Amino acid sequence: PTHVCMAHRRDLASPSDLGAMMAGESAGEVAETFLGSDWGEPEGEPFGVVAELASTGDVPGSAPLNLPETISGAAIAGMLLCPDDAGPAASILYVLPLLCGSLLAMAVQIYTTYRMHGLLEEDVCDTNADFTLRLAGLLLFVVLMMNGLKELIDVHRWLNRVPTSSRHTMMRMQKFQDKVVDDVQLGFGADTVMTTKVVSGMTVAERSVAYILVIAKLLVVLVLTYFGSGFILQSRDDETVIMNSVALVFVIEVDQYIYTYVLNRSIKAFLEAMPMVGLSESEYSASTFDFDEHWPLLSLPILGLVTALNYKCWC
């Protein structure tokens with residue numbers, strides 16, 4: 001056969017070799033490992049994917065986070081990546097355009113929402129548009145807006161992992177190796193985990209600017225979600241439902257368009273390659289609620305609740 005099972009082919013590996021290969025196996029059991037006859041010579045030993053990524057730092061620590069690749073995320077990163085001795089010229093050259101771009105994106109979205117508000121009427125949902133099509137458009141629109149809300153929550157969590165300092169220093173990170181104590185991680189065969197932490201700080205002024213962007217963006221998301229839902233639900237026919245839904249996607253992605261336009265290649269490369277900041281095992285164990293762990297279970301009920309509330313508000 002093209003693939004052979006190492007747990008059954010004793011001429012390919014001995015039972016002792018197999019025991020060393022498979023992480024997390026129980027006593028008396030050997031997990032199956034398959035090798036293709038035309039794959040060439042094996043390099044090293046099989047490894048558990050979760051254990052390998054955790055121990056090498058490719059997934060740094062528990063609940064790893066990074067700044068989103070948006071114009072607001074770039075503005076926050078730009079503040080932190082300025083050199084220690086950077087003068088006003090460096091701030092004007094790198095940080096100011098990013099801050100202005102972030103404000104411009106929000107201004108476009110707010111003004112578009114304001115004009116959209118003038119087109120809406122209260123309690124007018126009895127249109128010629130198909131109900132299922134309107135509901136599908138509303139559902140997908142809410143998904144996009146909830147993605148934006150999740151990004152803001154992640155920015156808040158990321159900022160909480162950066163210490164506060166009395167003066168500006170260029171952002172520095174360091175890797176730490178920690179022993180795994182979580183039973184779930186041990187079940188994946190991970191004995192150690194490599195965590196990346198921010199070891200420099202950000203000033204109170206820098207943190208204030210970052211949260212001004214976060215709060216302003218949060219208000220935009222909430223307002224656009226409310227009036228955008230009515231814009232879809234009050235569409236007069238099927239064609240208008242589709243056109244309004246596409247128009248709202250365009251408004252939502254204004255941030256991404258400005259991000260692509262304003263950032264040069266070097267800043268974009270630094271932001272995309274910035275290591276994720278994770279929690280150590282002790283920090284993760286002490287946390288009362290793991291947002292990442294519970295989100296898959298909560299995502300669909302929250303989506304249904306938000307969609308139903310918006311429908312109820314307009315219909």
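## Confidence in the model

The model is predicted, so local features need pLDDT of at least 70 and side-chain atom pairs 80 or more, while totals for chains, interfaces and linings use all residues. Residues are numbered from 1 along each chain as its sequence is written, and side-chain values use heavy atoms, leaving out hydrogens and water.

The protein chain has a mean pLDDT (the predictor's confidence in each residue, from 0 to 100) of 81, with 78% of its residues at 70 or more. Confidence is highest in helix H7, at 95, and lowest in helix H1 (residues 15-21), at a mean of 42. Over residues 1-28, pLDDT stays under 50. Where pLDDT is low, the predicted coordinates should not be read in detail.

## Where H7 meets H12

Helices here are DSSP runs (H or I, at least four residues), numbered from the N terminus. The axes of H7 (residues 204-233) and H12 (residues 291-314) come within 9 Å and cross at roughly 65°. H7 is therefore roughly perpendicular to H12 (a term covering 65 to 115 degrees).

In this contact (heavy atoms within 4.5 Å), H7 contributes Thr225, Tyr226, Phe227, Ser229, Gly230 and Leu233, and H12 contributes Asn310, Tyr311, Cys313 and Trp314.

## An aromatic pair in H4

Tyr111 and Tyr114 form a tilted aromatic pair, 6.3 Å centre to centre with 40° between the planes. Rings pair if their centres lie within 6.5 Å, and planes under 30 degrees apart count as stacked, over 60 as edge-to-face and the rest as tilted. Because Tyr111 and Tyr114 are three residues apart in helix H4 (residues 88-117), about one helical turn separates them.

Note on methods:
Axes fitted to C-alpha atoms, helices over the stretch in contact; angles between N-to-C directions. Helix = DSSP H or I, 4+ residues; strand = E, 2+ residues; numbered from the N terminus. Parallel < 35°, antiparallel > 145°, perpendicular 65-115°, else oblique. Phe/Tyr/Trp six-rings, centres within 6.5 Å; stacked < 30°, edge-to-face > 60°.
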